[in-house]
Amino acid sequence: MVESDKTSVEELKKRVRKRSRGKKNEQQKPEEDSHSVEENADEKQKKSEKKVKNVKLQGRGKTEEEEEEEVEAMEDGEEEKNPVIVGKGIMTDQTFDSLDLSEQTSIAIKEMGFQYMTQIQAGSIRPLLEGKDVLGAARTGSGKTLAFLIPAVELLLKHHFSPRNGTGVIVICPTRELAIQTKNVAEELLKHHSQTVGMVIGGNNRRSEAQRIANGSNLLIATPGRLLDHLHNTKAFIYKHLKCLVIDEADRILEDNFEEDMNKILKILPKTRQTALFSATQTSKVKDLARVSLTSPVHVDVDDGRRKVTNEGLEQGYCVVPSKNRLILLITFLKKNPNKKIMVFFSTCKSVQFHAEIMKISNVDFCDIHGGLDQNRRTKTFFDFMKAKKGILLCTDVAARGLDIPSVDWIIQYDPPDKPTEYIHRVGRTARGEGAKGKALLVLIPEELQFIRYLKAAKVPVKELEFNERKLMNVRSELEKCVAEDYNLNKLAKDAYRAYISAYNSHSLKDIFNVHRLDLQEVAASFCFSAPPKVNLNIESRAGKVRKAKQQGRNGFSPYSPYGKSTPK
């Protein structure tokens with residue numbers, strides 16, 4: 001038996017070495033394993049299922065792939081004294097029953113269909129129940145919401161909170177949609193409790209919110225701006241008994257320029273409290289916020305040591321497309337995948353509005369969500385798409401954070417994200433949860449190809465997908481005619497064109513996304529113009545700014561003449 005085990009291990013080591021040599025060959029010839037972007041998603045899934053066959057080894061109960069990974073870990077262990085063991089998936093074998101929760105909360109969790117905890121839940125719930133501060137880092141879709149709501153509910157029960165005691169726990173979310181979703185989960189957990197839950201978000205009626213606060217919201221879900229508004233202006237807001245503050249998706253809150261609001265909120269709220277801060281990415285701003293808001297926190301990082309930062313079941317690819325063909329590629333892809341659930345990300349609200357009109361002309365069924373819509377329509381669209389088994393959602397990054405939308409098949413990033421962290425959150429809308437599968441496609445123009453370097457540096461595994469121009473639908477001339485003849489559509493196209501270039505100009509990665517390198521003729525074609533429209537882009541080159549400043553300085557003060565013209569003596 002011992003000899004046979006040794007033999008099998010040696011064979012596995014040989015296979016690992018062969019596989020590593022194969023990987024090197026693949027890197028030298030990337031075109032051999034590229035897939036077609038236009039290929040129907042169903043066909044691709046069947047092909048991948050045929051390719052992936054996990055053969056069970058006799059007497060071991062593990063797949064061949066898992067055994068090879070163990071051998072790799074053994075070989076790494078010879079070189080490293082403290083190897084990081086990378087777990088597969090997000091689940092643990094720890095049950096919620098092991099937490100000694102109240103009967104009411106335990107019943108609610110069972111009714112929600114949960115038995116085992118995820119890694120972030122297993123690492124966070126116990127220290128939070130013990131009253132400790134927690135700094136949690138976990139990829140999107142890892143179960144962060146229950147990780148902080150279960151201790152929050154137990155805390156309110158422990159202190160016998162009732163409506164007249166005011167607010168005992170505040171949860172701050174970056175977006176309205178995430179706040180709504182968090183409130184729904186909180187209501188399910190509180191089903192058998194007497195404590196109350198409330199929500200204050202931008203876009204809702206402020207007066208009715210103030211009345212609910214006055215009536216007593218023990219657990220309050222809020223967006224930063226509206227919470228600060230009520231802290232300043234709602235006299236009946238009782239928050240002096242606050243026991244816990246939760247900051248969810250902290251990186252997104254700070255990215256959305258709520259840093260000043262957060263500092264003001266922290267100054268107003270009671271200093272003697274428990275604080276939990278959760279974030280999918282640990283940026284310098286998040287670390288700064290953690291320093292001022294947390295006291296001796298327990299660090300829970302379930303992504304530490306992972307080989308990739310995106311979800312396990314996610315297939316990721318990118319295609320390089322001339323700007324003039326981007327829209328045609330999108331329409332072709334959506335038309336060829338009518339039975340899939342797809343999210344398409346754009347950089348601006350105007351772009352979503354324009355492409356929504358183009359989809360109508362192209363007879364593509366869709367729904368859309370962006371910051372320009374009123375809150376009621378945003379909420380309705382969000383829940384309609386959640387319930388749908390198939391469909392297309394055109395959206396901005398308002399839908400990129402925290403939202404748990406079931407069974408999304410494809411994430412299409414039509415406009416590139418501002419940075420790798422934003423890419424990670426966008427693709428986090430699919431392949432959520434244990435064993436879930438999903439696909440993601442990033443559309444790049446040739447000038448943006450170097451963005452892939454940033455993704456790979458951030459541990460995002462992407463491979464190039466083949467772009468076949470011959471398979472694109474022939475709809476360009478028809479769309480250009482519609483835009484030329486319809487005044488409202490033409491105006492919308494101009495607004496979207498201007499907004500796209502403005503967003504491009506504000507991109508944080510200037511070395512790659514340089515607005516002055518754009519071919520405006522091709523960009524215009526992607527908005528159905530035969531030539532660049534006459535619009536004020538309000539973009540100057542650096543040399544132009546210098547010239548303008550010097551011209552202004554001829555008659556007075558400027559950065560180049562801080563004391564103005566010297567008068568002749």
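Mentor: Start with Arg 206 and Asp 229. Their side chains meet in a salt bridge, N to O at 3.0 Å. The term means a side-chain nitrogen of Lys or Arg within 4 Å of a carboxyl oxygen of Asp or Glu. This pair links distant parts of the chain, 23 residues apart. Arg 206 lies in helix α8 (residues 206–215), and Asp 229 lies in helix α9 (residues 224–233). Helices (H or I, at least four residues) and strands (E, at least two) are DSSP runs, numbered from the N terminus. Arg 206 is partly exposed, at 27% relative accessible area. Asp 229 is partly exposed too, at 23%. Buried means under 20% relative accessible area, exposed over 50%, and partly exposed in between (1.4 Å probe, protein chains only).

A word on the source. This is a predicted model, where local features need pLDDT of at least 70, side-chain atom pairs count only at pLDDT 80 or more, and totals for chains, interfaces and linings use all residues. Residues are numbered from 1 along each chain as its sequence is written, and side-chain values use heavy atoms, leaving out hydrogens and water.

Next, Arg 377 bridges to Asp 368, N to O at 3.0 Å. Arg 377 is partly exposed at 39%, while Asp 368 is buried at 9%.

Now take Asp 397 and Arg 426. Their closest N and O atoms are 2.7 Å apart in a salt bridge. Asp 397 is in the loop between β13 (391–395) and β14 (410–413), and Arg 426 is in helix α16 (residues 420–427), 29 residues away. Both residues are buried.

The structure holds 18 salt bridges.
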